Amino acid sequence: MNYKAVGLREEEYQAIKELLGREPNESELRILGVMWSEHCSYKSTRPLLKMFNSEGKYVIQGPGENAGIVDIGDGWAAAFKVESHNHPSAVEPYQGAATGVGGIIRDILAVGAWPTACLDGLFFGKTPRNSTLSLMDGIVSGIGGYGNAVGVPTVGGKTFFDDSYEGNPLVNAMCVGIVSQEKIITSKTAKAGQLAVLIGSRTGRDGIAGAAFASAELAEDTKSSKPQVQIGDPFVEKLLIECCHELLREKLIASMQDMGAAGITSSASEIAAKSGTGIYIYADKVPTRDENMTPWEIALSESQERMLVIIEPENYERVEKCAQKWLLECAPIGEVTDDGRFKIINNGKTVVDLPAEMVGGGCPEIHWPSQKPAYLESIETERAYTLPQDAFRDICLSIISDPNVKDKSWIYEQYDHTVQINTVVGPGNPVSVIRVKENNKFLALTMDCAPWSCWLDPYNGGAESFLKAARPLWACGAEILGMTDCLNYPSPESPENYWILTETVRGLAQTAKDMDCPVVSGNVSLYNESPGKKILPSPLVGLVGLLETMEEFLPSGELEEGDVLFLVGPKKGFLAGSLFQRLLDKSIQGKPAQYTPTAEISFKERALRTAKDKCCSSVRVIGSGGLVTAIAKECVFAQKGASINLKSEHLVPEVLFGEGGPRAIYSVKPDKIAIFEHIWQDFGLLKIGTVQKEKTLEFLGLSSFSLLEITSCWRR
Amino acid sequence: MLYHIKVLVFLKDGVLDTQGKAVLGSLHRMNYTDLKDIRIGKYLQLWVEASDEDTARNRVKAMCSDLLVNNLIEDYTIEVDELS
Amino acid sequence: MKACVVVFPGSNCDRDVIHSLSTRVKANVSALWYEEHKLPQDTDLVVLPGGFSYGDYLRCGAMAATAPILNAIKGYAEGGGLVLGICNGFQILTEARLLPGALLANKNLKFICRQCAVRAERTDTPFTSNLQTGQVLKMPIAHHEGLYFLPPNDLKQILANKQVVFRYCNNDGTIDDKSNPNGSVDNIAGVINKGGNVLGLMPHPERASEKILGSEDGGLIWDSIASWLKKGGRC
């Protein structure tokens with residue numbers, strides 16, 4: 001068998017021979033082909049991921065385990081991670097998205113946490129073609145169909161529309177779980193003599209070599225890739241969560257891994273490598289669903305809803321009894337040894353014998369050539385925009401009804417977002433808030449990305465991706481505990497793509513570090529291309545913040561009559577890459593927001609103080625669609641009118657529709673204006689109007705809208 | 001004897017078939033205007049060991065009334081094939 | 001109050017009901033495994049919670065309705081014991097024929113999760129004894145199969161027997177097509193058996209029993225049960 005057939009490069013094959021001191025056999029080659037794929041080994045991005053700072057006062061566990069874990073006080077912790085399921089969702093939207101949700105929930109389960117909330121980052125083509133609509137429909141039903149049945153609420157997320165995602169939609173699923181700090185499970189704690197037990201579904205041929213599939217561009221005929229897609233069974237996943245938690249309560253689990261990409265191979269070898277042990281897997285002991293599966297097929301199967309649990313041999317009967325109670329398959333399939341070897345033995349014959357550390361960690365890094373794309377030189381200059389008064393009205397309405405801005409309830413109403421009775425602020429809001437019953441505190445969650453800025457100015461776009469997720473958390477009064485990210489990019493093999501990837505990660509990492517936010521988990525998805533098309537650079541950021549009480553929470557969409565509206569921050573935003581520019585020019589150019597650490601830190605401190613001082617009824621950070629959209633959304637959510645009175649020098653597109661940078665609107669209680677002005681003095685502060693009784697949104701000197709008109713335009 | 005039994009389960013007349021209605025709408029949009037109605041049901045295959053066909057049929061009828069079919073909203077038909 | 005919440009494989013609202021009952025009315029609540037054959041002694045209330053018992057495979061609630069504990073619940077209900085089925089629990093009760101009708105896929109064929117308004121049509125049941133007739137309660141729904149269906153003759157019968165306890169309505173209590181989220185016959189959101197002691201409803205009272213969750217109206221159902229039991233009511 002040729003190494004190329006399993007997706008290995010020549011230097012990787014040479015490295016294998018060197019590490020082994022011999023030629024690998026066919027089974028070993030197939031296993032290493034998958035484990036050394038981009039998806040499993042991160043070989044292209046490992047050098048880049050080193051840029052992320054993963055240390056901070058709240059960090060309990062950084063990257064490297066199934067999920068990052070942060071301290072939320074009183075002996076409790078939050079475990080979280082985001083993961084992509086882009087390629088499977090492009091090929092089979094329902095199952096691809098469903099198994100994406102299933103996979104991330106098992107990651108959270110694997111560290112011993114109870115899966116408490118999910119969020120989803122979705123990226124779709126914008127032109128409403130039939131193919132896009134059916135992809136969207138399938139992906140949304142898949143996420144709902146799985147998450148709803150498992151009983152984990154989908155409390156938020158973010159949806160992006162751009163034609164670069166046409167044919168290559170992105171599905172990034174994030175899960176947050178709660179775990180007692182004393183009961184965190186790691187993959188480092190297996191000991192020789194312990195038993196490896198497989199609990200969950202039977203093993204079939206599903207998704208064999210799916211990880212390798214995720215590491216190449218999609219072929220023209222996606223149907224030919226179909227057999228690789230896994231089928232999810234949320235019922236079994238629910239039973240698996242219950243069963244594993246019962247085993248945890250009875251203290252029967254020494255170590256645990258979920259089976260995702262590369263199935264038994266990656267979970268078993270990872271435990272052995274991290275624990276400094278060996279592990280032998282007996283392929284003939286694995287309960288299979290299909291007949292005549294070869295040992296390597298069993299070792300690489302990506303059948304869903306399976307966990308590998310390491311236990312003391314004398315506890316096996318109790319474990320088996322618990323699995324039976326929850327209607328799950330259970331089989332002792334291997335043992336932990338002290339020789340550092342990852343072996344697969346079939347009917348007494350050793351078919352795979354590799355150093356455990358080499359399986360998951362031996363792949364050499366790839367340093368792809370990097371080159372600044374030529375297009376960046378030519379798009380830096382931006383044409384000047386004027387705002388004809390008679391066009392204002394139409395522009396406003398097109399922006400409000402743009403898929404990137406308008407109501408997403410058709411998506412999130414298909415997700416159960418109230419199960420587990422912790423959802424205090426649900427989907428549709430800038431920040432989602434869940435209660436933690438265990439310690440009576442609250443987690444504030446956001447997800448965001450700035451793909452268009454990343455395309456125009458990779459470093460600053462990376463920074464803005466972080467800041468877009470962070471600013472709403474600061475504005476609502478939450479302290480950020482940690483970050484997870486999903487780096488979605490096209491092929492790194494193009495020097496220009498690789499340069500963009502490097503620069504955005506550099507911007508993202510620097511900003512997170514400056515803002516004191518450790519990166520505790522994440523995932524990389526490369527090769528997001530379909531014939532003739534590649535996605536925009538899309539580093540999705542997921543943030544977890546803490547609120548001690550809801551008293552400290554400043555909501556959005558809660559304008560009160562008589563409040564005074566203020567714009568804080570620079571008066572002008574940026575039109576480069578903004579929705580305004582995309583609608584007007586159908587293309588993007590110019591320089592987007594430039595990251596200024598001091599301004600962001602200052603915004604953070606003032607925003608947190610504003611929330612604490614309770615001088616406002618409502619806040620909205622200015623995002624997609626600019627100031628006008630932020631005001632319109634506030635009015636729609638609160639069902640209140642507003643009168644906006646700007647000086648003529650401010651009636652320019654940069655003020656009204658500009659995006660990026662630390663800008664927000666506050667609805668300030670009339671008797672608290674002095675406190676508010678004191679907090680924001682010397683930062684940029686502009687009184688822009690008042691909340692009024694009349695159900696109209698007036699922009700004096702420009703146009704006026706009835707609340708009904710704006711609401712129905714946004715909902716349509 | 002092993003019998004292969006095919007059970008067709010369909011919604012009774014008068015019970016709103018939401019799925020059927022949606023599919024009908026889609027096919028009409030695709031210009032299949034000659035399509036007058038569509039009802040969507042379930043197809044179950046059972047393999048039953050029994051001494052004769054009647055016994056097999058009766059066993060499956062019992063399974064239908066005990067679990068497989070909700071006779072408030074569903075009807076069914078049974079077809080039996082002898083296997084060995 | 002001594003309550004038990006039945007746990008089937010795939011139930012996912014069992015913990016929510018336990019939390020809600022024990023915090024709102026300080027009930028002594030326990031989880032009861034579906035394979036049990038008996039209810040605990042002196043049980044005042046049995047709740048079949050929401051979720052996806054057996055993955056909602058075959059028909060929602062069909063397989064759970066054949067579980068051993070259902071025999072005990074039938075006996076308990078015949079003796080006048082209080083049984084409440086929420087969402088999937090309602091589906092189970094109809095499949096077990098403890099309640100009339102069936103729950104079919106929502107009219108739009110999609111899962112729907114949103115806050116809903118329902119109107120209390122009866123206040124002489126143990127579950128609604130603290131309510132005013134016509135009172136509007138806000139509670140979330142979260143289901144894919146919530147379209148309540150009955151053949152026309154059966155519908156006439158349950159209407160004649162006044163078995164409809166909750167109807168989907170507008171915020172002001174009016175009942176129309178717009179306020180019917182799933183296409184249920186006659187806007188029906190909850191029905192009771194003839195004996196008046198077995199109630200099934202699609203909205204989730206346990207998700208609306210705390211101010212912080214956006215509504216406390218569901219808590220009124222727990223309060224009703226508690227005060228009815230305190231008064232020593234019998235069905």
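**Note on chain C and its contact with chain B**

1. In this predicted model, 18 residues of chain C are in contact with 16 residues of chain B. The area that chain B and chain C bury between them is about 1,400 Å², and carbon and sulfur atoms make up 67% of that area.

2. On the side of chain B, the residues that lose the most area to chain C are Thr18(B), Leu67(B) and Leu72(B). Together these three account for 41% of what the chain B side buries.

3. Turning to chain C by itself, its secondary structure consists of five helices and 11 strands. Along the principal axes, the C-alpha atoms of chain C occupy a box of roughly 45 × 40 × 35 Å.

4. The interior of chain C may be described by burial and by contacts. Of its 235 residues, 63% count as buried. Among the contacts in chain C with a separation of 6 or more, 76% are between residues 24 or more positions apart.

5. The accessible surface of chain C is about 8,600 Å², with 47% of it belonging to carbon and sulfur atoms. Chain C carries 24 positive and 22 negative side chains, and a distance of 3 Å separates the centres of these two sets.

Definitions and conventions: Residues are numbered from 1 along each chain as its sequence is written. Chains are lettered from A and ligands numbered from 1 in the order in which they are written. This is a predicted model: local features need pLDDT of at least 70, side-chain atom pairs count only at pLDDT 80 or more; totals for chains, interfaces and linings use all residues. Side-chain values use heavy atoms; hydrogens and water are left out. Helices (H or I, at least four residues) and strands (E, at least two) are DSSP runs, numbered from the N terminus. Buried means under 20% relative accessible area, exposed over 50%, partly exposed in between (1.4 Å probe, protein chains only). Contact means heavy atoms within 4.5 Å. Accessible areas come from the Shrake-Rupley method with a 1.4 Å probe; for residues, only the protein chains shown count as cover. Lys and Arg count as positive and Asp and Glu as negative; His and the chain ends are not counted. The place of a charge is taken as NZ of Lys, CZ of Arg, CG of Asp or CD of Glu. Buried area is the accessible area (1.4 Å probe) that two parts lose on being put together, summed over both.
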